[in-house]
Structures are given as C-alpha cells and as structure tokens.
Amino acid sequence: MVVALVAGLVCLILGAEALVRGASRLAARAGIPPLIIGLTVVAFGTSSPELAVSVKAAFDDQAAIALGNVVGSNIFNVLFILGLSALVVPLVVARQLIRLDIPVMIGLSLLVWLLAANGQLGRLEGLLLVAGLVGYLGVLWRQARREAVPESDASRVVSGHWAWQVALVVGGLALLVLGSRWLVDGAVSLAQALGVGEQVIGLTLVAAGTSLPEVVTSLVAALRGERDIAVGNVVGSNVFNLLGVLGLTVALAPAGIQVPPAMIAFDLPVMLAVALACLPLGFTGGTIVRWEGAVLFGYYLAYTLYLILASAHHAALPAFATVMLYFVVPITVLTLAVVAIQEARRR
C-alpha cells in the first residue's frame, strides 16, 4: 500500500508538471496574460490530480475520500501553500483577485456548505456547479481577450513546437489517470490498516498529496518573481476544485455523495473561514507578507493536529479546541482587522 501511495503521488506530480508546462505554453503562445494563465491553465492543470482522484473515489463508492480531498485541498492550498510561499517571499495580490476571484471563492465555499447541509450532494447540485464553472471561464475569457498580449510578442517568448506542447498535455493526462488509481487504492488500504477513517485520510494525506503540484508551482513562481501566478494559482485551484472537481464528481457519481456530519459541522466551515481570511490579507497593502504567511502556515499545523486528535479521540482535544476557538482565532481576526483598517486609512 505504501508503494502504491508513493508511485501514485510520483505519477500525479509528473503528470501535473507535464500538463501545466504544455498547457501554459500553449496559452502563452495565444497571448493570454500571466494572471489569467495562473487563474485558469496553471490552476486547473495543477488541480487535475484532485479531479482524477475524486472521480475515481466516487465511482469506487469512497465518497468520504472524494469530498475530503476537495475540502482538504482547498484548506491546504490557502493555509499551507500561500503560507509557505509568503514565508519564502512576500506575495503580490492583484487587484482583480481582491475584486473578483477571492469573492467568488468565498461565495462558492458558502454555497457548497449550504448545498451539503442536508447530508447529500446529488446530480442536480453537481450540474449546477459545473454550469458555474462554464460561466466563470466565460468571464475570464472575456477579460483575457481585453488584456491579450500581441501575438508577435507572445511568439517571441514561447519556445518549442506546438506539437510537443500538445504531447505534454496528453502524456500528463495519462499519468494523472494512472497515478489517481494507485493513490486512491493505497490510501484506502492505509486507512484500513491504521484504523483511521477515510474522511481523515482524504482531508490530510490525499489532499496534501494531490496538492503537491500547486505547492511546487506556487513556490517556483514566487521565486521566479511571477508572484501574481503564485497567488492566482491557489485561488484559481480552489475555484476549480469547488466547481469542476466537486461538480463533476457529484454529477458522475452513480448515487451522488453522502456528506458526513462531522464535515458539515467542522471542515466545511473551516474551508469557508479560510477563504474569508484571504480578503483582509489582500487588503493589507496588496501583499501577503512573511508574518501573515507564518500565521497561515501555523493554522494549517493546528488544523492537522485537530484532525489527528479527533480521529484518535484524544483526551487533549477539548482543551486544544477551546484554546483555538476562544484565544488564537479571535486574536488573529483582531490583528487582521486592525491592519486592514490602518491600510484603508493610509490609502
């Protein structure tokens, strides 16, 4: 099972890398701006492991892994990836992200929580989310056409024959399909061997594993100075996870997806809170600075620890939850509010 997990992760990473490289170069050849590439081609490409894993898990009647993968990936993307990337280099938050894409991510997080509140996500809800993806892509496409780079400039930047870039896309998709099969099978076997619920495995191990392409992409983009791609990749991936990955998974699953009560009461609200946290971060000077990255990264460690304590029914869980809920979270919210108000006054 460990071999299957590792082999699946390797295939997912290699497949996503090939897919992103080929697709981003094809998009750049067409003159699409870097932020739009980050929000669409790169974000959707790096989210393709989540799509492959969630669809495979849903067809195998492992709905807890399918849904946990989406929710856990969205939490991981903001807290871990943005936090770690901002610790390496402060990240620029483009104005479009604050005005459009982050509010869309927040609204979708709330919508999914409301749709799942009855404990069931059916085919109609899945089709609704997929229709939302089509509309979101339409908005971004119109914006890309307004901000398009002249074709002569784009052709000078992009190297390599288009046929090789198409081959990278096709080969990447094939590796994603194979890797998703191995990863899901290995994760289920590991959960059974350790006596851990599939929901916890989906929220942690599978979510982190399928988000590795986003980790690599955002870190490399930040280090190369493409900080709009680094943030756009995370926001775009979260939007695609909710609309594309969850929507297609629910629409294709034979009996829909049952939503565990614990996910309705805790994990979905955490996903919404994490999305909401992106707004004040973006308002603070249009950047995510290192101390904000440290706060995000620390919250991911705390969230993971909570899941571990909850799965083990540890005696320390009530005290840990009390400290987080009544001390750490209010102080964080107050700090971000003060910084945001100060920034607004300075402007």
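This is a predicted model: local features need pLDDT of at least 70, side-chain atom pairs count only at pLDDT 80 or more; totals for chains, interfaces and linings use all residues.
**Entry 1: α3 against α4**

I began with helix α3, residues 48-59, and its packing on α4. The two axes come within 7 Å and cross at roughly 155 degrees. Angles over 145 degrees count as roughly antiparallel, and α3 and α4 are therefore roughly antiparallel to each other. I noted the crossing of α3 and α4 as left-handed. On the α3 side I listed E50, V53, S54, A57 and A58; these meet A63, I65, A66, N69, V70 and S73 in α4. By class, the residues of this contact divide into 7 nonpolar, 3 polar and 1 charged.

**Entry 2: α4 against α10**

I next looked up α4, which spans residues 63-88, and α10, which spans residues 212-223. Their axes are 10 Å apart, and the helices pack at an angle of about 30 degrees. That makes α4 roughly parallel to α10, since angles under 35 degrees count as such. I recorded a right-handed crossing for α4 and α10. From α4, the residues F76, N77, F80, I81, L84, S85 and V88 take part; from α10, the partners are E214, V215, S218, L219 and L223. I counted the classes of the contact of α4 with α10 as 8 nonpolar, 3 polar and 1 charged.

**Entry 3: α4 against α13**

How do the axes of α4 and α13 cross, and within what distance do they come? I found a crossing at roughly 140 degrees, with the axes coming within 7 Å. That makes α4 oblique to α13. The crossing in which α4 passes α13 is left-handed. I listed I75, F76, V78, L79, F80, L82, G83, L84, A86, L87 and V88 on the α4 side. On the α13 side, the residues they meet are R290, G293, A294, L296, F297, Y299, Y300 and Y303. The contact of α4 with α13 has 16 nonpolar, 2 polar and 1 charged residues.

Which residues line the second largest cavity? I recorded N74, I75, V78, M105, S109, N238, M271, V274 and A275. The elements giving two or more residues to this lining are α4, α5 (95-116) and α12. The lining residues divide into 6 nonpolar, 3 polar and no charged.

Finally, I looked up the second largest pocket, whose volume is about 720 Å³. It is lined by 28 residues, and V270, A273, V274, Y299 and V329 are the closest to its centre. At least two lining residues come from each of α12 (261-283), α13 (290-312) and α14 (317-346). Which element supplies the largest share of the lining of the second largest pocket? I noted α12, with 10 residues. By class, the lining of the second largest pocket has 26 nonpolar, 1 polar and 1 charged residues.

I cross-checked two names here.

Notes: Residues are numbered from 1 along each chain as its sequence is written. Side-chain values use heavy atoms; hydrogens and water are left out. Axes are lines fitted to C-alpha atoms, for helices over the stretch in contact, and angles run from 0 to 180 degrees between N-to-C directions. Helices (H or I, at least four residues) and strands (E, at least two) are DSSP runs, numbered from the N terminus. Angles under 35 degrees count as roughly parallel, over 145 as roughly antiparallel, 65 to 115 as roughly perpendicular and the rest as oblique. A crossing is left-handed if the near helix is turned anticlockwise from the far one by less than a right angle, and right-handed if clockwise. Contact means heavy atoms within 4.5 Å. Ala, Val, Leu, Ile, Met, Phe, Trp, Tyr, Cys and Pro count as nonpolar, Asp, Glu, Lys and Arg as charged, and the others, Gly among them, as polar. On a 1 Å grid over the protein atoms alone, a cavity is a set of points where a 1.4 Å probe fits but cannot get out, and a pocket is an open set with protein on both sides within 12 Å along at least five of seven lines; lining residues have an atom within 4 Å of a point. Grid points are joined across faces, edges and corners, and a volume is the space filled by probe spheres set on the points.
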